[in-house]
Amino acid sequence: MSTHRPQRRLHRFTLPNGLRVVLDCRFPQPRAAVAVHYGTGFRSEPPGREGFAHLFEHLMFRGSASLPDGRFYDHVHRFGGRANGTTHQDYTDYYQVAPAQALERALFAEADRMRAPLFTETALAEQLRGVEREIHQAVHGRPYGGFPWPLLPGALFETFANAHDGYGEADRLRTTTVADCAEFFTAHYAPGNAVLTVVGAADPEGVRALVERHFGGIPARPVTPAPALREPLPGEERWVECVEPGITATALATGHRLPDPQADLQGYLAHAVLARLTGEQGPPGAGLPAVSTSCGFFGPLDARDPDALVVTALLPPDADPREAVAAVSRRWTAWADRPPTEAVRRTVRLMQGEHHRRHGDLENRCRALGRLEILFGEAGLLDRIPDHLEAVGPGEVAAAARRLADLPATVLVMRPGAARTRPRPPSPAAPRAEAPADARATARGGELAAGTRASARPLPPYGSPSAADPAPLHETTLHETTLHETTLCNGLRVVAVADRRVPSVEARLRLPLGPFGWREPVEAEALLRRRLAQTRAAERAADLGGGIGASVDGQWLDVTGYVPPKELPAWLGLLDELASADGTFAVPPAGLRSVRPTAQRLMDDAVRRHWSAPDAPDRSPSDARLPMGDPWGGALVLLGDVDPECAAAAAEKALSAWPSAGPRPVGPDRRSTAGGRLLVLRSPAEPELHLTLCAPEPNASDASNASGDSAETTGATGATGATGATETTETTEAARYLATAVFGGYFGSRLAARLREVTGAGYEVYCGRDVVLDVPRVFVRARVAPHLAEATLAGIRAELRRAGEEPFAGAEVEAARAFCAAQALGAFDSPATQADLLRQLTAAGRDPRRLPCLPRLLREVSAHEVARAGRELFAAVSMDTVLLGDVDPDRAAELAAASARPE
């Protein structure tokens, strides 16, 4: 079934100033990812500068000569992109994901801060406060703070570079000066100590020209030598203990030195497989805890040698930490003699599949290529790792287990106690490293400290007259040769799409729970958990080299999974078994309920109960021998390295026997349902007030007639699906999409502005559209402090009235259009994201081919149509209100009455 073909090589080159560049242009996408990795991290910090690399990462976002005062994000947030940075042991990475038209701006921004960052007293003070908060939250202000990182390295290693706390202490960081920042930048952020990576652009020669244009003029300069990291393996077992107040269980962490991946990659990967097996199977013996494991403090191949395999556990009361450590060692000793052959093969397949799946994502792939290049000089290793894993067998895992069983462990124990104690930090073993002489001279000269000698450059335009608009290319990715759609005899829509990025298939199933499940969400969840256990679905999917997970949310049964292409028929058979396994809706046994439903789920359950027609048929799967959800109105999406027709045929063979109750009566009549009801869910333990206002979404034709506008149709009419989704034209759908954004769907919306005025910081408000029962609805959600309830409700009601009284203006429509049209391109960032969105679209009864057309439609729909859609969705409906929180009904009624009064 797979049609995966070998991929072309990466493009790699080095500029004269020493900057290494990696381009991956094999899969043109409507968005591009850009990353810059600098070869400096926690272990580059000299004594006295603990935590400086992390502080500096924050500071690098605050301005450069051409983008001062936080303007770095202008080309990112405005166009629905994202940007961030992280600090690790041996590198710091900065990354962006933005529309392909913004690629030159992304390169310009990274080049500008590599060339001429601005360090000011104001920005430094601001970032010091932010880093201080982060340190408090991660280390000092939570139970088990600093466990196992950054405490364990201090016990495991001897040298300052390896052992010290990469967060540092706030008091010492406060002594940082602007001149210190300039010196650090000059010493460590030279082009010769960096890797630039670009993924997703279509033309490698064109991207190379842009890279040379923006980075080629940055002068080369010397780089401070990397710290000496090598140190001998521990010769004896080490134990370090500390005390933590407010906890009930003793925490245990063990650190075990890994092989050097550059010298012994196969041995390193064998340890990674061993770590996974240890976490899954745990130590033998009654009463011993389950353990969590990590190959590397921050994941596999994330640091140069030395790094550690880490095992952590919370111990049962009265458990002896030494016995727990010995139990893990016994497990490894047993595996050294008799490795679990089938478990090793299964784990290797799983790790291969997870690797392919993770790095099918645009951002993850870009960052991983740059990381492997900066650490090991081998960006191409990323695509060879699955082959290296294939060579890891039981013998290699047995050798890894023998090595760790024989190697003395380092153990960190955190016990409950009255007062917090922590191990003594390591003493500096070497004098503070000096920056090169010319770096110190530059810093003293103030060029980087003040930013006055670096000239600003003009920002490149968003796209260019010669740049190809990627939208048409991606509208053709779902034409007849790459997408196949069919509806099975039981009403299940099957959409199969070819996506060649990774040798895997993403599978998404969504089934409506139906009337009984909508009314009895607790029983639906209990049945699902029972069937997951009965079929051993997760374990059997793992045996296929894939995964499967399922959930219910009161509205839908969702199944999410992935599998190697050749195993797709077997995975579909497992899906059939999961959905049709024996089981009935019944009161769940005590303790079966997993976690308390979210506030959003509780409020939606209340809406479903309120909207359910009293005479709706009360069908139960036990009565009609139905699968857990009804396939009528459901959707199955299969996307990946498959032939679409073959994949759809496999689905039809496996799932056609699912019984269905057939079409259901459409839920509440959108044209006559009375709104304006108040539903109160009192929850005294809830610290915040949650609100949902919602109403059935009006039919496009009815709303147009009510508003006095004639219906305008452009393009093909969307089919009404089995879920009862509103029949709309492409233009109407695009207009409603943008109207939702203008009203409350993005950071620049009317609701966001209103709530900033009335509540200040610490609120959440947004709106959207979905399906409840069989009815499309429009909703507004908010989360605020209880004392702000009245102001919040009044603000939302005022904006609902304003949507009719002050139609959306051209400027606010254009701002939302720029954001939404660009953000919609993110649907193609990864196969997993694309499959998720196709499931949502198809289950709502809409044409899956609209997904790649959406950015174009959002650009083309007129402001007049968006304004009209705003009136239809928000001003012409009467919304029910659900309140959840510590508020009694009388107070809730007062709030609702007050909010409904005219201003």
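Predicted model: local features only at pLDDT ≥ 70, side-chain atom pairs only at ≥ 80, totals over all residues.
Strand E2 (residues 20–24) and strand E6 (residues 194–199) run parallel and are joined by 5 bridges, and within this pairing Val21 stands opposite Leu196 of E6.

**The six-stranded sheet**

E2 and E6 belong to an open sheet of 6 strands with mixed pairing, in which the order is E1-E2-E6-E3-E5-E4. Its edges are strand E1 (11–14) and strand E4 (82–87), each of which pairs on one side only, and the twist from one strand to the next averages 15 degrees. Helix H1 (residues 52–59) lies across E4 and strand E5 (92–99), running at about 165 degrees to E4. Helix H13 (residues 362–376) also packs on this sheet, where it touches E1, E2, strand E3 (31–38), E4, E5 and E6, and its direction makes about 25 degrees with that of E3.

**The five-stranded sheet**

Another open sheet, again with mixed pairing, is built from 5 strands in the order E7-E11-E8-E10-E9. Strand E7 (238–244) and E9 are the edge strands, each pairing on one side only, and neighbouring strands are turned by 15 degrees against each other on average, direction ignored. Inside this sheet, strand E8 (residues 251–257) and strand E11 (residues 410–416) run antiparallel and are joined by 5 bridges, with Val413 of E11 as the bridge partner of Leu252. Helix H11 (residues 321–337) packs on the sheet through contacts with E7, E8, E10 and E11, and its direction makes about 40 degrees with that of E8. Helix H10 lies across E9 and strand E10 (308–314), running at about 170 degrees to E9.

| Helix | Reference strand | Angle |
|---|---|---|
| H1 | E4 | about 165 degrees |
| H13 | E3 | about 25 degrees |
| H10 | E9 | about 170 degrees |
| H11 | E8 | about 40 degrees |

Two or more lining residues come from each of helix H10 (265–281), strand E9 (292–295), helix H12 (341–358), H13 and helix H14 (381–390).

**A buried glutamate and the chain as a whole**

Glu733 is found in helix H27 (residues 730–745). Is this residue buried or exposed? Glu733 counts as buried because its relative accessible area is 12%, which falls under the 20% limit for that class. The side chain of Glu733 is joined to that of Arg769 by a polar contact of 3.1 Å.

Over the protein chain, the secondary structure comes to 34 helices and 22 strands, and 58% of the 903 residues count as buried. Among contacts in the protein chain with a separation of 6 or more, 84% are accounted for by residues 24 or more positions apart.

Technical notes:
Residues numbered from 1 in each chain as written. Heavy atoms only, no water. Pairing = 2+ DSSP bridges. Helix = DSSP H or I, 4+ residues; strand = E, 2+ residues; numbered from the N terminus. Axes fitted to C-alpha atoms, helices over the stretch in contact; angles between N-to-C directions. Contact = heavy atoms within 4.5 Å. Buried < 20%, exposed > 50% of the residue type's maximum accessible area, 1.4 Å probe, protein only. Polar contact = N/O pair within 3.5 Å; in protein donor to acceptor, adjacent residues only side chain to side chain.
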